Amino acid sequence: MSGPSAPVALTLHLALLSILSFGGIPSVLPDIRNYVVVANGWLTDREFANFFAIAQALPGPNMILMMSLIGWRVGGLPTAIASALATFGPPCAIYYFAYRVWDRFRDATWQRIARGGLVPVTIGLIIGGGTVMARAANTNWQSTIVTAAAAALILWTRVNPIWMLITAATVGALGLL
Amino acid sequence: MPVLFIGFLKVAFGSIGGGGGIVFARRLVVEQRRWTDDREFADILSLCQFLPGPNIVGIAVCVGTRLRGPAGALAGLAGFTVIPVTISFSLGMWIVRNTDLAILQGILRGVSAAAAGLLIGTGLRLLMPHRDEAMALFFVVLVFVGLVFTKLPLLAVLLAAAPLSVTVAAISGWGKR
């Protein structure tokens with residue numbers, strides 16, 4: 001299944017998923033994992049979790065970064081660039097045109113109904129996506145505590161997320177996880 | 001236009017981990033530049049939130065469009081992506097090449113556990129305004145269970161839940177505000 005078609009297959013798959021990723025790229029992470037880890041074996045589960053962590057820890061649009069790292073692993077630099085473009089290109093066209101329409105019908109009833117109906121679905125996808133990632137990343141009870149603590153802090157405090165990442169990185173560097 | 005480019009360049013460097021970018025984008029757009037007020041920014045955010053794609057990039061595109069049309073969208077997008085992704089991608093490749101280092105392994109374990117928690121916490125945070133709406137909670141739980149506890153692909157969950165949710169919203173009018 002590998003060979004020259006892998007970069008093309010990955011790029012097309014990412015372009016498709018980016019269009020379907022309602023609520024953000026994290027909502028399709030389980031599907032991307034299925035495709036690159038389970039179905040094609042391009043990455044190991046460990047690598048996938050690592051790329052997610054690296055993308056979260058570095059500045060910039062982290063999902064674009066994660067997809068370019070996956071692309072790099074699959075087919076080097078050209079695939080990395082293609083993966084990045086596939087991740088944000090199609091959605092950007094959608095953002096642009098959707099914003100124009102949205103702006104024109106700002107007070108329409110259908111807009112309020114759509115918002116009311118889609119928001120819960122979006123939220124369910126985000127929480128579910130995080131849970132799926134936690135399942136892949138957490139191999140022991142210590143890391144589960146880190147996950148729970150991060151969730152609690154962002155939910156009930158206004159602490160900058162960067163401090164939670166730095167603390168967790170320190171705990172990990174000390175070999176406690 | 002350079003202001004848009006540089007503004008979103010800075011936002012990108014502040015956007016570490018899930019949700020961090022929203023904080024910095026709001027600071028730039030609402031507080032520093034006063035391009036929009038809080039209400040309009042929340043509007044843009046909710047639009048980007050449920051459209052597909054990396055939603056923080058969507059903020060750059062929509063704000064750019066709002067100010068300068070297509071050229072503004074491109075300026076915001078370029079500022080947000082080109083330089084930050086290049087730098088972080090290079091750093092990421094270096095980290096991936098050195099994942100054998102025990103200390104790096106520990107750091108990544110810590111960060112990925114925390115990052116999963118941040119995602120869950122951000123989802124819960126988005127849920128807070130809707131915690132008294134029984135139907136909204138129902139659909140959040142439905143999507144969560146569909147994603148985490150069944151082997152159904154994301155698209156199946158989405159195609160089942162979204163039309164149902166919007167229909168219920170239209171009938172019950174819970175999205176009214």
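## Conventions

Axes are lines fitted to C-alpha atoms, for helices over the stretch in contact, with angles running from 0 to 180 degrees between N-to-C directions. Helices are DSSP runs of H or I with at least four residues, numbered from the N terminus.

The model is predicted: local features need pLDDT of at least 70, side-chain atom pairs count only at pLDDT 80 or more, and totals for chains, interfaces and linings use all residues. Residues are numbered from 1 along each chain as its sequence is written, while chains are lettered from A and ligands numbered from 1 in the order in which they are written.

## H5(A) against H7(B)

Contact here requires C-beta atoms, placed from the backbone, within 7 Å. Contact residues include Gly116(A) and Gly117(A) of H5(A) and Ser165(B) of H7(B). They divide into 11 nonpolar, three polar and no charged.

## H6(B) against H7(B)

The axes of H6(B) (residues 134-148) and H7(B) come within 10 Å and cross at roughly 175 degrees. The two helices are therefore roughly antiparallel. Among the contact residues are Phe139(B) of H6(B) and Val157(B) of H7(B).

## Arg34(B)

Arg34(B) lies in the loop between H2 (20-32) and H3 (38-50) of chain B. Its phi is near 50 degrees, a positive value in a residue other than glycine. Arg34(B) is exposed, with 8 other C-beta atoms within 10 Å (exposed means 12 or fewer, buried 20 or more, partly exposed in between).

Technical notes:
Contact = placed C-beta atoms within 7 Å. Nonpolar A, V, L, I, M, F, W, Y, C, P; charged D, E, K, R; others polar. Parallel < 35°, antiparallel > 145°, perpendicular 65-115°, else oblique.
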